[in-house]
Amino acid sequence: MKIKKLSQKLFRNGKFVAVVSLICLFAFLLGLNQLQLSAQKKQDRIASPVTQKNKVKFGENIATDSPNNLLKRIKIINTLYTKSTGKNYSSEKIIVKFKPELSVQSTETILKAYQPKAYHLIPRVEAYVVQVGPETTVEETLSALQSNPDVLYAEPDYKLRLCTTPNDQLFKYQYALSNPGGVLQIPGSPTGKPQADIKITGAWDYVKGDPNVLVAVLDTGVDYTHPDLVNKVISHGKDFVNNDDDAYDDQGHGTHVAGIIGAETNNNEGIAGVAWNCRILPGKIIGADGQGDYDWLIQALVWAADYTSGAAKVGVINMSLGGDQADPALEQALKYAYDKGIVLVAATGNDGGPVLYPAAYDQYCLAVAGSDYNDQIADFSNYGPQVDVAAPAVWILSCYPLALTEPGYLPYAFASGTSMAAPHVAGFAALIKSAKPWLKVDDIMKIIKYTPDDIGAPGRDDYAGYGRINTQRALVPYKIIKK
Amino acid sequence: MLPKLKKGKKSSWLSLFILLLFTIFASQALSAQSSNQNKTRWEMGLSAGLFDRGVKAGSNELTLKSSNLLLEARATNLAGWFDLDIFAGINSSKLNGALFDQLPVTIDYEAGGISGLIFGGKISKAFFQTSNFKFGLLADFTSYIGFQKKYTLSDFVVPAEVKAEPDWAQASAGIFVTYDGFVDNQPFLEISFSKLWGTFKMSETIQDLAAEEDKSLKDAGPISIALGWNINLSKDIVFVPKLRVYTGSKTAISGGLSLLYTF
């Protein structure tokens with residue numbers, strides 16, 4: 001009786017009807033907007049007008065185009081990912097690991113006492129990624145956890161940043177692979193030193209790579225529809241940023257990195273990749289804003305280390321990114337991948353400062369500094385005792401996502417940064433792994449470290465490590481001749 | 001660090017056979033020594049030879065080129081029963097083209113001969129004789145032990161070197177025929193089943209990266225045919241040129257000259 005009276009009263013009141021109508025209208029508009037966004041995303045990946053236009057452009061015979069005209073049609077990316085001014089860790093998440101003697105039930109009971117919004121366990125590393133509750137801050141929870149005797153360690157979920165400045169196309173523009181010297185056909189047309197390159201053409205006579213050796217690119221994802229990558233990417237990978245199985249690149253960096261490692265080679269178009277026949281496994285751990293969290297990298301390392309597809313498995317992981325802080329969970333994930341026989345390659349960073357993590361984990365990672373077309377160390381390249389080798393990092397041409405390519409441009413870009421140096425080394429490691437699969441990770445790391453061309457100060461130094469990599473010295477049989 | 005390559009299947013049965021023959025001949029000789037002592041003729045001298053033989057080193061085929069200078073002692077009709085030839089000397093063995101692709105940095109060996117010691121022996125016994133021809137059995141064994149040789153890998157940014165160390169052995173058993181129709185010289189023909197085996201060891205050290213690979217050596221073909229001539233230059237001096245051809249390789253040929261003094 002009371003309910004009937006109440007409803008009659010409400011319906012007599014026109015305000016209620018108006019509010020309900022407004023809510024419905026708002027929901028409808030929101031739904032429409034989501035539908036449009038979803039359709040746009042799909043179109044961008046498969047057949048956006050930009051993509052189609054560029055596909056047509058890309059199919060043309062660009063060999064007849066003059067070098068100057070061609071250069072104008074290649075994008076130049078001038079963003080150098082250096083240290084940001086804000087907080088260097090997530091304001092929502094922390095990484096915590098409990099003492100191993102505690103059961104999962106006990107650790108979760110302890111965790112719940114801190115009233116987290118959510119948490120999940122990273123397998124193999126056995127550390128929790130904890131999203132702090134609305135009533136507290138990361139700092140407060142961290143402080144409380146760090147004073148808990150059951151906690152082995154509790155760390156902020158640090159931020160990662162990209163170590164590159166991509167730029168883009170064609171072998172004659174890839175001085176990093178084969179430097180003829182003289183005036184180079186790259187932006188600014190600088191004069192290069194002959195053979196200031198990784199000497200890959202000589203190495204390819206002996207090793208072109210094994211398709212079952214995968215190089216995991218943990219980055220912004222990869223444009224797996226790119227004509228120079230479509231046959232080289234083994235799967236759509238995993239997106240740790242959006243937590244799905246589609247590591248499509250919405251930023252450009254990962255596609256550029258993947259192209260340096262494994263762009264389809266000898267296919268009459270585009271560029272050549274270092275690891276001619278090896279394939280790419282994309283893992284997206286950096287968002288469109290160029291930033292990512294440590295926990296995504298940690299999870300991606302474990303995922304990549306465990307990944308298999310038929311006879312194919314990951315032999316090399318490239319990390320053209322880094323953060324300022326050490327992190328025990330990150331170190332543990334690196335160790336997990338290392339112990340599984342995977343060569344870990346990371347960029348040193350572009351701040352002209354100390355080597356970033358994970359590259360600074362010297363025991364597990366090859367830390368790669370950046371050099372230029374004259375075998376000089378790039379001024380942006382980070383340095384320190386952890387630097388192992390250097391590789392070309394200035395105006396490196398590689399693939400660029402179709403969806404991000406502007407009309408009139410080719411889906412390639414020139415870019416600079418240690419992010420571009422690391423994939424040269426990752427491709428090199430994949431070739432060694434292909435040629436000599438019985439070698440241990442440590443042996444492959446030593447081969448890469450001990451075979452470069454010494455640049456900079458004589459002997460190993462903190463800027464170039466042992467020098468700029470020389471793939472030929474490591475992969476071409478060394479001929480002992482009578483003297 | 002690396003799985004060592006298995007050595008090639010050695011012809012141990014052949015060695016045993018030769019040893020057996022040797023033992024039989026020696027025991028026969030000793031038993032007959034007293035009655036036939038006067039008939040033994042001793043010769044001693046120098047011998048130089050070149051030796052090319054096709055060998056398989058893992059998956060690649062190459063030619064073992066060897067040259068040697070030997071001190072040789074020959075006893076004819078030892079104990080009235082068989083002939084014995086023993087030798088020892090220095091040898092240079094060249095295994096150019098051996099590819100050590102299991103090492104961290106692959107090594108292509110093209111550095112020529114490696115010196116070493118060589119020694120061995122040969123026994124032969126004639127069993128059947130016509131007016132001018134003599135037929136018999138023979139067996140021989142040769143062993144070469146190469147000295148370790150170091151090479152610096154000069155282009156590396158860190159200290160780098162390799163050490164090469166070859167060794168090989170060869171054993172043969174077969175028949176011979178000699179022609180005794182000439183007054184002061186005696187041509188002969190030998191047809192043998194000959195096996196060669198050995199290893200070519202390469203150790204690589206690049207800073208703290210060290211590895212070793214043993215390349216097993218095996219003959220490319222087991223049959224050898226030799227034509228030689230015992231030429232008596234004087235009453236006491238014998239000159240023996242000899243040419244041998246092996247099956248299984250175009251370059252499988254060897255030749256030697258011996259100058260022996262009879263006393």
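Buried area is the accessible area, taken with a 1.4 Å probe, that two parts lose on being put together, summed over both. For chain A and chain B, that area is about 2,200 Å², with carbon and sulfur atoms giving 63% of it. On the chain A side, Y450(A), Y478(A) and I480(A) supply 36% of what chain A buries against chain B, more than any other three residues.

Before I continue, a note on the source. This is a predicted model, in which local features need pLDDT of at least 70 and side-chain atom pairs count only at pLDDT 80 or more, while totals for chains, interfaces and linings use all residues. Side-chain values use heavy atoms, leaving out hydrogens and water.

Turning to contacts, meaning heavy atoms within 4.5 Å, 22 residues of chain A meet 27 residues of chain B.

Which side chains meet in a salt bridge? They are those of K446(A) and D208(B), at 3.5 Å from N to O; the term requires a side-chain nitrogen of Lys or Arg within 4 Å of a carboxyl oxygen of Asp or Glu. The count between the two chains is one.

I come now to secondary structure, where helices (H or I, at least four residues) and strands (E, at least two) are DSSP runs numbered from the N terminus. On the side of chain A that touches chain B, α12 (441-450), α13 (471-475) and β21 (478-481) each supply at least two residues. The largest share, five residues, comes from α12(A).

Finally, strand pairing, which requires at least two DSSP bridges. β21(A) runs parallel to β5 (residues 107-110) of chain B, joined by four bridges. Within β5(B), Y109(B) is the bridge partner of I480(A).

How values were computed:
Residues are numbered from 1 along each chain as its sequence is written. Chains are lettered from A and ligands numbered from 1 in the order in which they are written.
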